[in-house]
Structure formats: C-alpha cells, structure tokens
Amino acid sequence: MKKVTISTLLQLKQKGEKIAALTAYDASFAKLFDEQFIDVMLIGDSLGMVLKGDDDTLSVSVNDLAYHTACVRKGTDRAFVISDMPFMSYATPELAYANAAKLMANGANMVKLEGGEWLTSTISGLVERGIPVCGHLGLTPQSVHVFGGFKVQGRENEQAQKILDAAIKLEKAGIQLLVLECIPSSVAKLISEALTIPVIGIGAGVGTDGQILVMHDMFGISANYMPKFSKNYLLETNDMRAAVAAYIEDVKASRFPGPEHSFE
C-alpha cells in the first residue's frame, strides 16, 4: 500500500477527488481505519471530550497528544497522520517549535494549529524547521470561551470575509492543509476554491476538498452529544468496518455531508 503524503492530498484536490479523514486515538482503531483506506487520521485534542469526558478541549496536554500520536502511529501503515497542538502549546514561536518537534518525534506527519493571522510568523518558523503545518479556522474549539460556546462562525459577511482573508494569509505563511469547522457551506466552498492547498471541512458543507469527523460521533458513541454536522454510520451498518467504509464512500461520492449536516 502506497503511503499517503501531503503530495497525495494535493493531487486529490487537483483531480477533484475528495479526501476522507477521521480522528483516531489508539492503535486498534488506527489499524481498522487504515485497512479501510482512510486518507487522513487526526489525533485531535477532542480526546479531552470523547476520552476524558471534559466539557471542552482545554485540559489536554502536549504529553497527552504525544502519547496518543505514538499509539496511532503503531497502528498505521498507509494513512497521513496529523497531531493537534493543544491549548497554549504554541503561545510563542519557541514554544511551538519545541512542542511540535515532540509530536513529530512521536509519529505525526504534520501538526495542526488553531488561529488566524497572529500565527503566520509561527507557521513560517515551523515550516522553515521542517515541520509541516495544518491550519484550523472557523469554530476553533480552543477559543470556545471567547466565542461564548460552540457556535457557527462566519454567518455575517464581515466575519466570513475575515475567515477568507485569514485562510489566504495562512496559506502564504506556509500551511499545506486547512481545516474549516462549523462555517456556512457557501463560505467554506469559496475558501476551498480560493486556496491551492486542500481544505477539509467539519460542519462546513460538501463544497470543501474533504471531510473529517470525530470517530466517536461517526460511530454514535460520544459521551456528550451528537453534533448536527455528524452522522451515525454504525447505526446504519451494525459493523465498525462497514461503518468506516460507508463513511469513506459517502465522502468520496459527495453524499456526505448532506444539507441536514450543514449550515447556511
């Protein structure tokens, strides 16, 4: 099996083929996802909510992410592995360099940072030091208290323009992948078309270059609640492998997300 690289993902975008991604936190599920030919696995700071049972992601540490990244890497032969940089782990460029290096040493192919223009110098520094970076705009869970909760972003024209401007600046700074979370479908489609890099959506409509879901949401087993933008594939298939295969097939065929999973 040929390994998925950032070049693979760029080629998928250029050919108009969708990218399928899921979060993963351990070797067993990583192996299951890899065997179904998932393109990307993200070790998300969402583990704070779905594994630890917290109300948000803020308590997750670099050590937590490093541990789970190492676990996922052991179960992965093919997929591209991205690791989240947790809350305040990249508050300064120097801190970002040290913490990103730890995640890469534990098996990540790329690190993901939440935020806009203020991150451009940090992103440039990481890339210069050989660390690939994924951006994250829209609803950035580490800023949940600034937003006043988990709320859709970009519904007003001015806010939508700010997200687009930030995406362009992040791409210029060196990101090679972008996640858009909980923004209107029309805004996500516009951003995806404006960038040359692949854009992966979660709650951002079908117009992005790919989709990602938290694995617990996709299986319908999240401890807290099922987001509007998710779909319980296990309910339809009664088998985990079949559920993952169905999710990937729906993403590739642009059947997921549907309008009922999207925001306007």
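Guide: Start with helix α4: its buried residues pack against α2 (27-35), β2 (40-43), α3 (47-50), β3 (80-84) and α5. Contact here means heavy atoms within 4.5 Å. Helices (H or I, at least four residues) and strands (E, at least two) are DSSP runs, numbered from the N terminus. This is a predicted model, where local features need pLDDT of at least 70, side-chain atom pairs count only at pLDDT 80 or more, and totals for chains, interfaces and linings use all residues. Residues are numbered from 1 along each chain as its sequence is written, and side-chain values use heavy atoms, with hydrogens and water left out.

Which residues of α4 are buried? They are V62, L65, A66, H68, T69, A70, C71 and V72. Buried means under 20% relative accessible area, exposed over 50%, and partly exposed in between (1.4 Å probe, protein chains only).

Now check the length of α4. The helix covers residues 62-74, which is 13 residues. At 1.5 Å a residue, it should span 18 Å, and its end C-alpha atoms are 18 Å apart, so the two agree. The expected span is 1.5 Å times one less than the number of residues.

Next, follow α2, one of the partners of α4. F29 lies in helix α2, and F219 in the loop between α10 (215-218) and α11 (233-237). Their rings form a tilted aromatic pair, 5.9 Å centre to centre, with 40° between the planes. Rings of Phe, Tyr and Trp (its six-membered ring) pair if their centres lie within 6.5 Å; planes under 30 degrees apart count as stacked, over 60 as edge-to-face and the rest as tilted. The F29 and F219 pair ties together parts that are 190 residues apart in sequence. F219 is buried, with a relative accessible area of 2%. The structure holds seven aromatic pairs.

Last, take α5 (93-105), which also meets helix α6. In α6 (residues 120-128), T122, I123, G125 and L126 are buried. Seen down the axis, these buried residues fall within an arc of 165°, so they line one face of α6. The arc is that of the directions from the helix axis to the C-beta atoms. They pack against α5, β4 (110-114), β5 (133-138) and α8 (157-173). Just after α6, G130 takes a positive phi of about 85°.
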